[in-house]
Amino acid sequence: MKIYISGGITNVPNFMERFAEAEKRLRNAYPKAEVINPALVNSNLPKSTTHEQYMKMSFLMLDMADYVYMLNNWRESCGASQEYGYALAKDKGIMFAKE
């Protein structure tokens, strides 16, 4: 099982910590799962990478996943909202962080 983490990144000052905490929670809850942390992966891309290019990378990673884990702030994020719609269209399982 592969789980992709989705949530706000742009204009979220502590997004790296939020994604890292979610990754840790998911690894503890599902020890056999592989967790895809796009914040960590995308942090290695060139600084000149555009939002559109980040989203292309994100959709590729989401294609690899069986489930998407939506962080609490996903509704305020254009990118995470797109990932939610993409996951629905691709019939991925969707999990939501508890408030």
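How many salt bridges does this structure have? By the rule used here, the count comes to 1 salt bridge. Before I show you where that one is, please keep in mind that this is a predicted model.

The salt bridge joins R27 to E23, and the closest N and O atoms of the pair are 2.7 Å apart. Both residues belong to helix α1, 4 residues apart, which means about one helical turn separates them. The two partners sit in different surroundings if you look at their accessibility. R27 has a relative accessible area of 39%, so R27 is partly exposed. E23 is at 15%, and because buried means under 20%, E23 counts as buried.

Next, a residue that touches both partners. Leaving out residues up to four places away in sequence, V35 touches E23 and R27, and also I3, I5 and L26.

That brings us to the core. V35 is one of the 12 residues of the largest nonpolar core; among the others are I3, I5, F19, A22, L26 and Y69. Which elements give two or more residues to this core? They are strand β1, residues 2–6, and helix α1, residues 15–29. Helix α1 gives the most, with 3 residues. There is also a second, separate core of 10 residues, which includes Y4, L62, V68 and M70.

Now to helix α4, which runs over residues 78–89 and contains E83. E83 is a charged residue that is buried but has no salt bridge.

Is Q82 buried or partly exposed? At 36% relative accessibility, Q82 counts as partly exposed. Apart from neighbours within four places in sequence, Q82 is in contact with M55 and F59. Q82 and S6 are 76 residues apart in sequence, while their C-alpha atoms are 9.8 Å apart.

On to the empty space. Rolling a probe the size of a water molecule over the atoms shows where such space is left. The largest pocket here has a volume of about 410 Å³. It is lined by 27 residues, and the closest to its centre are I9, T10, N42, H51 and Y54. Which elements supply at least two residues each to the lining? They are β1, α1, α2 (38–42), α3 (51–64) and α4.

Last, two residues with a backbone angle to look at. N11 is found in the loop between β1 and α1. Phi of N11 is near 65°, a positive value, and N11 is not a glycine. With a relative accessible area of 77%, N11 is exposed. The other residue is D91, in the loop between α4 and β4, where β4 covers 93–96. D91 is not a glycine either, and its phi is positive at about 60°. At 69% relative accessibility, D91 counts as exposed.

To go back to the opening question: the count is 1 salt bridge, and the pair is R27 with E23. That is all I have.

Note on methods. Residues numbered from 1 in each chain as written. Predicted model: local features only at pLDDT ≥ 70, side-chain atom pairs only at ≥ 80, totals over all residues. Heavy atoms only, no water. Core = buried A, V, L, I, M, F, W, Y, C linked by side-chain atoms within 4.5 Å. Buried < 20%, exposed > 50% of the residue type's maximum accessible area, 1.4 Å probe, protein only. Contact = heavy atoms within 4.5 Å. Salt bridge = Lys/Arg side-chain N within 4 Å of Asp/Glu carboxyl O. Lys, Arg positive; Asp, Glu negative; His and termini not counted. 1 Å grid on protein atoms, 1.4 Å probe; cavity = no way out; pocket = protein on both sides within 12 Å on 5 of 7 lines; lining within 4 Å. Points joined across faces, edges and corners; volume = space filled by probe spheres on them.
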